[in-house]
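Please open the structure in a viewer and keep the selection tool at hand. The stops below are meant to be followed in order.

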Amino acid sequence: MSVRDSTQGYSATQIMLHWTVALLVAFQFFLNQGIGDAFRAVMSGEEPTADAVDAANIHVTMGLLILMLALWRIGLRLTLGAPPAPTTSSSCCCSLWLFSTLPARWCSTSSSARTS
Ligand code: HEM
């Protein structure tokens, strides 16, 4: 059996997992109205609509699927390794913006929209 050389890049499975999780996380970020409606209905003692319950079930299932895929990805990372990090800083800045600046801005605008 040949051992994969991680300096050649990520494996096809790692790449597939990366983009699948990216798509699912984007889905969760942009399609969460239903679970929000269901959550607010339950918290105020009302019966959520059937559509909101369906949307909530999809949101939770997607979230758990993301968790399982992330654990699989960590397992592959530990067994297959990863190629060396790029020396340029552009991908680093892009990731920083995407995963820290953007959510922080989004949270502050969505919470101010809710209170207004
Ligand atoms: C990576 C996975 C997930 C992502 C990216 C995600 C993302 C989001 C986002 C962006 C919202 C809207 C928040 C807001 O408007 O304030 C939301 C709401 C919610 N999510 Fe998730 N979610 C994930 C997984 C889950 C899981 C696994 C559960 C439950 C076990 C869950 C339960 C909820 C609930 C109850 C709300 C409504 C909260 C509210 O409106 O105050 N989420 N989610």
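Helices and strands are taken here as DSSP runs, H or I of at least four residues for helices and E of at least two for strands, numbered from the N terminus. Residues are numbered from 1 along each chain as its sequence is written. The model is predicted, and local features need pLDDT of at least 70, side-chain atom pairs count only at pLDDT 80 or more, and totals for chains, interfaces and linings use all residues.

The ligand is surrounded by 13 residues, with Q28, N32, G36, F39 and G63 the closest. Two or more residues of this shell come from each of helix 1 (12–30), helix 2 (33–43) and helix 3 (50–80). Helix 3 provides the largest share, five residues. The shell comprises seven nonpolar, six polar and no charged residues; Ala, Val, Leu, Ile, Met, Phe, Trp, Tyr, Cys and Pro count as nonpolar, Asp, Glu, Lys and Arg as charged, and the others, Gly among them, as polar.

**Second stop: helix 2 against helix 3**

Now display helix 2 and helix 3 together. Their axes come within 7 Å and cross at roughly 115°, where axes are lines fitted to C-alpha atoms over the stretch in contact, and angles run from 0 to 180 degrees between N-to-C directions. For the contact itself (C-beta atoms, placed from the backbone, within 7 Å), select G34, I35, D37, A38 and A41 in helix 2 with D51, A52, V53, A55, A56 and H59 in helix 3. By class, these residues are seven nonpolar, two polar and two charged.

Next, select I35, A38, A52, A55 and A56, the five residues of the largest nonpolar core. Such a core is a set of buried Ala, Val, Leu, Ile, Met, Phe, Trp, Tyr and Cys residues joined through C-beta atoms within 7 Å. Helix 3 contributes the most to this core, three residues. Centre the view on A38: beyond residues up to four places away in sequence, A38 touches P48, A52, V53, A55 and A56.

**Last stop: R73**

Finally, select R73, which is located in helix 3. Is R73 buried, exposed or partly exposed? R73 is partly exposed because 17 other C-beta atoms lie within 10 Å; a residue is buried at 20 or more such atoms, exposed at 12 or fewer, and partly exposed in between, with C-beta atoms placed from the backbone. Apart from neighbours within four places in sequence, R73 contacts Q14 and L17. The C-alpha atoms of R73 and Q14 are 6.6 Å apart, although 59 residues separate the two along the chain.

How values were computed:
A residue is near a molecule or strand if its C-beta atom, placed from the backbone, lies within 6 Å of it. Two residues are in contact if their C-beta atoms, placed from the backbone, lie within 7 Å.
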